[in-house]
Every structure is written in C-alpha cells, then in structure tokens.
Protein chains: 2
Amino acid sequence: MNLISEKTIERLILYRGLLLQANHENESGIYSHQLARMAGFTPAQVRRDLMQVGYTGSPARGYDKAKLIQSISALVDPAEKREIALAGIGSIGRAILAYFHGRSSLLEITAAFDTDPEKTGRVIHGCRCHPVDRLADIVRERGIRTGILCVPAGAAQSVTDALVEGGIRGILNYAPTRLIVPPDVYVENRDMIMAVEKVVYFSGLKTGQRKENG
Amino acid sequence: MNLISEKTIERLILYRGLLLQANHENESGIYSHQLARMAGFTPAQVRRDLMQVGYTGSPARGYDKAKLIQSISALVDPAEKREIALAGIGSIGRAILAYFHGRSSLLEITAAFDTDPEKTGRVIHGCRCHPVDRLADIVRERGIRTGILCVPAGAAQSVTDALVEGGIRGILNYAPTRLIVPPDVYVENRDMIMAVEKVVYFSGLKTGQRKENG
DNA sequence: TTAACATTGCGAAAATTTTCACAGCAAATA
DNA sequence: TATTTGCTGTGAAAATTTTCGCAATGTTAA
C-alpha cells in the first residue's frame, strides 16, 4: 500500500468524526456527496480519500456507516491502547485534560507534568501530575509515544528535549515556538496566536472559503 | 496583485513570529536559509513566499529583519485596530483570553459571551463577559468581524448563527463540530481531539517529518 | 426481462504547490 | 581594477493534490 498523505489522514479522521456524530440517524448507508457536504469538500475528494482506506462502497447503497467507521479506525487508530503525556498544566493543558477525560478508550492522557509543586502529586481530570524532572524517565518507562506540549514559550524547548530523551515519537505543540527535534519525531504546531492572526486576515477579505481542515 | 494562497499567508505569519522572536540578535539582516531553518522549510520556499509581500532583500545582506517584519505586517495586519469576540468561557476560552491579554495592540478580544450567569457581567483577563443572547447585537454594534468559538459541540451551531447574524466575517472554531456558515464567512477549524488523533497516528510511523504548520 | 437511474472506483487531466537552477548583483578579496 | 563569493528573484520543471469524466454496477420501475 502506498503511503497516505498527511492531508488525507486528516480528512479521514474528520470523516470518522462526522460519521460518529451522524451515526444515530436512521439510514445505515451514506453517499460520498452527503459526507462531502458535511465536511465541506467535493464528492470526488471524499471518494478519492476513501479509496485509500480499502473499504469499498456500493453504487446503490453508498458506504455503510458502521463499516466505514471501522475501516478508517483500522487504518488510523493504534493497534493497542496508547498512553499520552501532557506537559504544562496551565489553562490549555487543563482544557485538554478535561476534553479528553473518559472520551476515548484507546487514547488516554495518563501522565501530566508541571514545575509548580502545587499541581504535582494531584490528580486533575483523572490524570496524575508529576514534576517535570521526572518526565523523561516516566515517558521511557511507560513507552509513551505521543506528547502534548502546553508550556510557556520559554520552557518549550527544554521540555521538548526531555520528551525526546524519553523516546517520544510525536508532539502536539501548543507553545508559540518552533521546536527543534530529530528528523524522525513528528511535530504538529497549533499556535493559537497565529491562528487568530490568520483568521483576522481572512476576515478582512471579500472571498473567504476554506479548503483545509484542522 | 495576485491573490495570495492560504498556505502562504500562514507561512508569512509564521516568519513574522520567528523574526520577532529573533529580533534581539545582533545582526540586522537575515538570509532565506536562516529563516528556512527556523521555520523548517526550504530556502526556496521562503524566497517564494517573500516575493509575494513585495519587499525585496539584497543578495549581500539578505533581508532586513525590521523592514521584513513591517512588510509582512502591512500585508497581513488589518489597517486599524480590530476587536474580536469570544464565545464560550470554559477552559479553552479562558486560556485564549489569558494568552491574548495585552499581547497585541492591534488585536484585542473585547467581548466574551457565555450562558452561565456566574460569568456574565464579570471581567476576565481584561475582557468583559456578556450573556450569549446579546451576542448578535454587540457584534453588530461594534462592527466585530472575527470570532473565536469555544463552546461545547451542542451549542456550536446556534452560537455560530448568532455570530453570522451579527455580521461576523471569520470564525476560529475550537468546537469539535463542523459549522454551517454562508460561503463568504471564513472558518478555521481547530478540533483538539482530531489533532491528538492525527499526532497519535504519525507517532506510530517510521517516517515523521512535517511539511505544514499550524 | 429490460430500461432508466444514481452512484462508485479510478484513469487521466487540471490545478496548485514546491523545488530546481541560474542570471544578475553587491560586497569582499586579491 | 578584476575576480571570487554567496546571495536574491524568478522562469521553468517537478511533485503533489484535486477535479473531471466515464465505464461498471446494483437497484428500482416498467
């Protein structure tokens, strides 16, 4: 199987989310044009993406929602339960802990880290908090592959280094800085300030339709 | 001038951020390859992007940092101060208010909205909070063009409708739902769950370099 | 049975984005 | 002054992504 592009993976994850939301509807099947309308893409785009997952629909009944969800999950989800580490228990960190708590059976944020002794030792939204200096060790011990970074800009690189030292493979970065990581560590940047600036820019234009998602 | 693509705008905003961070260094100039290394792109990409802003560097001294910041800002920033509305004063909403407070002179979140009477009437991180049923009116009165949506999924569409009714032109959407908006309203989706799922997927691959930013 | 219909899967075309490659240039050096 | 150096700006090529167009297909209706 050919490598699936980053953009396609993103859209597949979106389709799955939309399908899960729409799953309570009475119909068991869904057509590419329906999914396309929900997602904001073209039907051709949807069919092209779904080609990649290997599940094939029927011209008469479209795609079976449940099976499609299954097929996308088989492609996109890890084989086993995955623990996630979160660094920086400020307002964003807490927000993500709250969002995630109990939502997924496959993904769980099981270790949070902060410098503040007020926070370490406690359990916040079901997640135990540790001091940052134990980060690398805990990540390594538990084989954690994914980290979420919510520390202030000044601390971002040193905490990243600790994550990398612990053997992390991917980082979701909410800190307003670019991280320096080895080339085989994946980084997804989600700077909120930059996001606002971008939306402000497009708020000032006549034309404003989007093509991507995030 | 040709329309500049969404991706290029994103990168330009990133370059500006990097330049602002690196501005205290002694050198006044910067070369495309330096900026490229900071951003994680190729030098050719950087030069191609900078072409679009109309500021031209010198082969000998590269780009003058201060002038480049100015030029990007001229392209990307609004002509006048812009007010921003924020809906949903939960943990994400608060995090964004905290992040933004006092950071920018051009962009300011001046009105926040929530259903909870505990919050409305108060001032949080310098921003006054109002009940959501006043949203459309306040947005219209003040000519607010940009909104940040941090409400739970269930409320997202109705609050969006109120924003649109008030004349909003762009929405930064942190709610885990797709919004239905008129075609001339720009929406940038930032679903945190989907972001985590994406990073988890790429944490499981051998190869993991990124090409985009966010 | 047969015809009409709306959809999928996908090869191929089109559009977009990125990279290459090099002329032209200003500074540094000999 | 002449030469070398390493950069920018950009046309053109390459790569990637999206869209088109249509044969194949299962369903419904006559």
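The largest share of the surface near DNA strand D comes from helix H3(B), which gives six residues, where a residue is near a strand if its C-beta atom, placed from the backbone, lies within 6 Å of it, and where helices (H or I, at least four residues) and strands (E, at least two) are DSSP runs numbered from the N terminus. The model is predicted, and local features need pLDDT of at least 70, side-chain atom pairs count only at pLDDT 80 or more, and totals for chains, interfaces and linings use all residues. Residues are numbered from 1 along each chain as its sequence is written, while chains are lettered from A and ligands numbered from 1 in the order in which they are written.

Around DNA strand D there are 25 residues, and the closest are Pro59(A), Ala60(A), Ser32(B), Thr56(B) and Pro59(B). Two or more residues of this surface come from each of helix H3 (43-53) of chain A and, in chain B, helix H2 (32-39) and helix H3 (43-53). By class, the surface has twelve nonpolar, nine polar and four charged residues, with Ala, Val, Leu, Ile, Met, Phe, Trp, Tyr, Cys and Pro counted as nonpolar, Asp, Glu, Lys and Arg as charged, and the others, Gly among them, as polar.

DNA strand C is surrounded by 24 residues, of which the closest are Ser32(A), Thr56(A), Pro59(A), Ser5(B) and Ala60(B).
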